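Hi there,

Here is the structure I promised to pass on. Have a look at it first, and then read my notes below.

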Amino acid sequence: MCTVSFLPSPQGFYLAMNRDEKRDRFSALPPEIVEFQNHRVLFPREPTGGTWISANDAGVCLALINWHRITREPNNGVRSRGEVIRKLAGISASDEISAAVKKLPLRKLRPFRLITIVSAENRVIEWRWNLNRLSVRKHSWESRHWFSSSFDEPRAEVERAKVCASFVAGGGDPGSARVRTGVNAAGYSLKWLRRLHRSHEPERGPFSICMHRPTNATVSYTEVAVSDRRVTMRYKDGPPCSRRSTTTKTCKLSRVRTTNR
């Protein structure tokens, strides 16, 4: 289970991700800066080396979520989906990512959705693998959310989308008891995004964005901020509603980005 939010900013973008897992799953390691062949990359990782999110010094961010609507399994052995982002994290252009995705050992990977943000091109691209076909969806450069849930994915998508839409429309603030009015795309902020990701609306449980169940929960919060000069990753080992400390890593962009905003 996961929630991913993309939010354009005046100089780049923000991306936030709640990672939902079993409570007894091993703890992940906080983000580090890793030198790839051509780029510096920030990402947290599992002890086995896989990861679910990355951002590099070209302003490219990747986030992978499971696709639970597809219940089939690979026929010839299974590889970890944690390998996907590790293989793509050092790439800086959407056409190169496209070529690399097609070379993955897809027949051994369970279904997934890969969100790709390429700030230099103003591109938001979603790759979908359903065990039979790799498809691509190109989204506009505007705020967007993705939801996954092993508990009940269709309902989780509906319930969490309602929370997002209510706040944008000026309804209840998902992060507090106060009510905001007149909130629209122009009123978005990183502060808003953080409140959204620690929301327990409509109630604390399996469908809240900050998810809590007896056996599963939001186990970490990762936030990426890309500006015209640097990329910053903030990571909390624990649910965003907790008071646990946050690890922050920053690196300068490798080049001045040109955009068509």
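**What I found**

Ser 9 is buried, with a relative accessible area of 11% (buried means under 20% relative accessible area, with a 1.4 Å probe and protein chains only). This is a predicted model, where local features need pLDDT of at least 70, side-chain atom pairs count only at pLDDT 80 or more, and totals for chains, interfaces and linings use all residues. Residues are numbered from 1 along each chain as its sequence is written, and side-chain values use heavy atoms, leaving out hydrogens and water.

Ser 9 sits in strand β1, residues 2-9 (strands are DSSP runs of E, at least two residues, numbered from the N terminus). A polar atom of the Ser 9 side chain lies 3.2 Å from the backbone nitrogen of Phe 13.

Phe 13 also belongs to the largest nonpolar core, which has 26 residues; it is one of those that touch the most other members, as is Val 231. Such a core is a set of buried Ala, Val, Leu, Ile, Met, Phe, Trp, Tyr and Cys residues joined through side-chain atoms within 4.5 Å. Among the elements giving it two or more residues are β1, β2 (12-22) and β12 (230-236). Another core, of 24 residues, lies apart from it and includes Val 41 and Ile 125.

Now for a hairpin: β8 and β9 form one, with 4 residues between them. The two strands run antiparallel and are joined by 6 bridges (strands pair if DSSP finds at least two bridges between them). Trp 129 stands opposite Leu 134 in β9, and Leu 131 in the turn has a positive phi of about 85°.

Happy exploring!

Notes: Buried < 20%, exposed > 50% of the residue type's maximum accessible area, 1.4 Å probe, protein only. Polar contact = N/O pair within 3.5 Å; in protein donor to acceptor, adjacent residues only side chain to side chain.
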